[in-house]
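Try each one before reading its solution.

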Amino acid sequence: MTEMPTRRQVLTLSALLAPTLNGPAWAQDDKACALVFVHGKWGNTQYVGFFTRRLEPYCKVRVAEAPWSLRRGYDAPYSRALDDMAAEVKALRDQGYRRVLVGGHSFGANAAMAYMARVGDADGVVAVAPGHAPAAMYARGIGKDAVDKARQLVQAGQGSETLTMEDLNQGQRKSVRMSAEVLWSYFDPEGLGHMPASAAAFKKPVPLLWVVGTTDPIYRGGEEFAFRRAPPHPASQYLVYSGGHGDIEQTAEPVLAWLKALP
């Protein structure tokens, strides 16, 4: 595994209120930074509204409703979600933004990682409380029968067949229905949703900010789970805060400080 020359910062309350990241002074330039940010599983754009508004004075943020929102309920495959992100990135570049990053919370962070592996044209990745772990779900048997059936149907050219499976989101389970093609795109244990593989497949080295709470289940995986699998970049950072998966409001200031400090 490659060594990543990055800093690990544990965020205390004082650090959250007064970030200490070092870097060049931020130029007050309204075209310097833009971020395509994606919400988490069963959520919507409002779930990340407070967080993204805190970044807006310095970085233009675009948040769109993803296929895994509560309203849409997996109405399109994972590849479509990444295509939508690519369109947002292009639109921001066409507007003159010189640095365009992708990011997200929970499943949205998963998508940002997948985007960098599949499309790879972003200038950085902001992964806040990364979530959605199809490999772990499959290993525990959660939705396994449906995933196996989806694989068979897709391979047989019958991906439009509808399946029901048990989905998992931070300990909560819910029955969901979608086509075999869509189900396989999200829950293939080695597919787009597998963050370790996505990190290792980044198309180029870019700054990666991985933000995780001490009581978030993914915290137990440490830096080795996915963060250190990404191509090394001197501006990448692994930030730890005291809190859980949904406590992202307190991370807005450190994320903003990281954005300001990018070279």
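**Exercise 1.** What is the handedness of the disulfide of Cys33 and Cys59, left-handed or right-handed?

*Solution.* Keep in mind that this is a predicted model. Begin with the sulfur atoms: those of Cys33 and Cys59 are 2.0 Å apart, and the two residues form a disulfide. Next, take the torsion about their S-S bond, which is about -70°, so the disulfide is left-handed. Now place the two ends: Cys33 sits in the loop between α1 (13–17) and β2, and Cys59 in the loop between α2 and β3, so the pair ties together parts that are 26 residues apart in sequence. Finally, searching the whole structure gives one disulfide.

**Exercise 2.** Describe how strands β2 and β3 are connected.

*Solution.* Strand β2 (residues 34–38) and strand β3 (residues 60–64) run parallel, joined by five bridges. Follow the chain from β2 to β3: it passes through helix α2 (residues 49–55), and this β-α-β crossover is right-handed.

**Exercise 3.** Work out how helices α3 and α4 are oriented to each other, and what lies in their contact.

*Solution.* Helix α3 (residues 78–94) packs with helix α4 (residues 107–118) at an angle of about 80°, their axes 10 Å apart. Angles of 65 to 115 degrees count as roughly perpendicular, and α3 and α4 are therefore roughly perpendicular to each other. The contact includes Leu82 and Val89 from α3, and Phe107 and Tyr115 from α4. Sorted by type, the residues of this α3 and α4 contact are ten nonpolar, two polar and two charged.

Definitions and conventions:
Residues are numbered from 1 along each chain as its sequence is written. This is a predicted model: local features need pLDDT of at least 70, side-chain atom pairs count only at pLDDT 80 or more; totals for chains, interfaces and linings use all residues. Side-chain values use heavy atoms; hydrogens and water are left out. Two strands pair if DSSP finds at least two bridges between them. Helices (H or I, at least four residues) and strands (E, at least two) are DSSP runs, numbered from the N terminus. A crossover is right-handed if, with the strands pointing away from the viewer, the path from the first strand over the helix to the second runs clockwise. Axes are lines fitted to C-alpha atoms, for helices over the stretch in contact, and angles run from 0 to 180 degrees between N-to-C directions. Angles under 35 degrees count as roughly parallel, over 145 as roughly antiparallel, 65 to 115 as roughly perpendicular and the rest as oblique. Contact means heavy atoms within 4.5 Å. Ala, Val, Leu, Ile, Met, Phe, Trp, Tyr, Cys and Pro count as nonpolar, Asp, Glu, Lys and Arg as charged, and the others, Gly among them, as polar. A disulfide is a pair of cysteine sulfur atoms within 2.5 Å.
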